[in-house]
Amino acid sequence: MFSNFGIIDFAWNSKGNLKRHFFLPLYYWDKNRNKETNLLLLPILTFINNTVESTTVSVAGTYWYSSKTYSRQNLWYLFDRQNYISEKKVKYGFALNLITYESSKTLTKWRLFYGGLIASYRNNLINNDYEFSILKYLINFKRKGNYYRNAILPLYYYSSNKDGWSLFSPITLSYFSKD
């Protein structure tokens, strides 16, 4: 081991291989027994981690991660992409996840403003179920199996299933149903 007041450092393992090296404040590098390598470049805010299973890179707020089952790319949360390789699912986020989009072989959905407070859409591609809403509950259309709902509040609310239907209109203070 060689050290110069904690500014320059070299450390070797018992086999004579370099296991740690740093020259502060420029960089820090280490390698452990699990073949994991870390590199930190302080002046450009860079961190690199490399293992047998995955790789992580972060440069000044930009983030990349990749493994056999998952990958992610993020640019200051203005653009965020997540890919679940084994599930064949992709998620996108824009502007601090104010706008999100998700797609898989069975589902497509998007949301506008944190969980769909302004608008959202969801479509199940296997059984053709869907849900669409604007301002969460004020304008809402939904179909799930035999159930169907359609609402534009405060004008009306209509729902139906295999047993019957109901219609409610707050403006006219009316309620109709069939069971």
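Colleague: How many residues lie between β5 and β6 in their hairpin?

Modeller: Strands here are DSSP runs of E with at least two residues, numbered from the N terminus. β5 and β6 form a hairpin with four residues between them, and Leu45 in that turn has a positive phi of about 50°. This is a predicted model, where local features need pLDDT of at least 70, side-chain atom pairs count only at pLDDT 80 or more, and totals for chains, interfaces and linings use all residues. Residues are numbered from 1 along each chain as its sequence is written, and side-chain values use heavy atoms, leaving out hydrogens and water.

Colleague: Which way do β5 and β6 run, and how many bridges join them?

Modeller: Two strands pair if DSSP finds at least two bridges between them. β5 and β6 (residues 46-50) run antiparallel, joined by five bridges. Thr37 has Asn50 in β6 as its bridge partner.

Colleague: What joins β4 to β5?

Modeller: Five bridges link β4 (residues 27-31) with β5 (residues 37-41), and these strands run antiparallel. Tyr27 stands opposite Leu41 in β5. The β4 and β5 hairpin has five residues between the strands, with Lys35 in the turn at a positive phi of about 60°.

Colleague: Is Ser174 buried or exposed?

Modeller: Buried means under 20% relative accessible area, exposed over 50%, and partly exposed in between (1.4 Å probe, protein chains only). Ser174 has 18% relative accessibility, so Ser174 counts as buried. Ser174 belongs to strand β20 (residues 174-178).

Colleague: Which residues does Ser174 touch, not counting residues up to four places away in sequence?

Modeller: Contact means heavy atoms within 4.5 Å. With that exclusion, Ser174 touches Leu167, Phe168 and Ser169.
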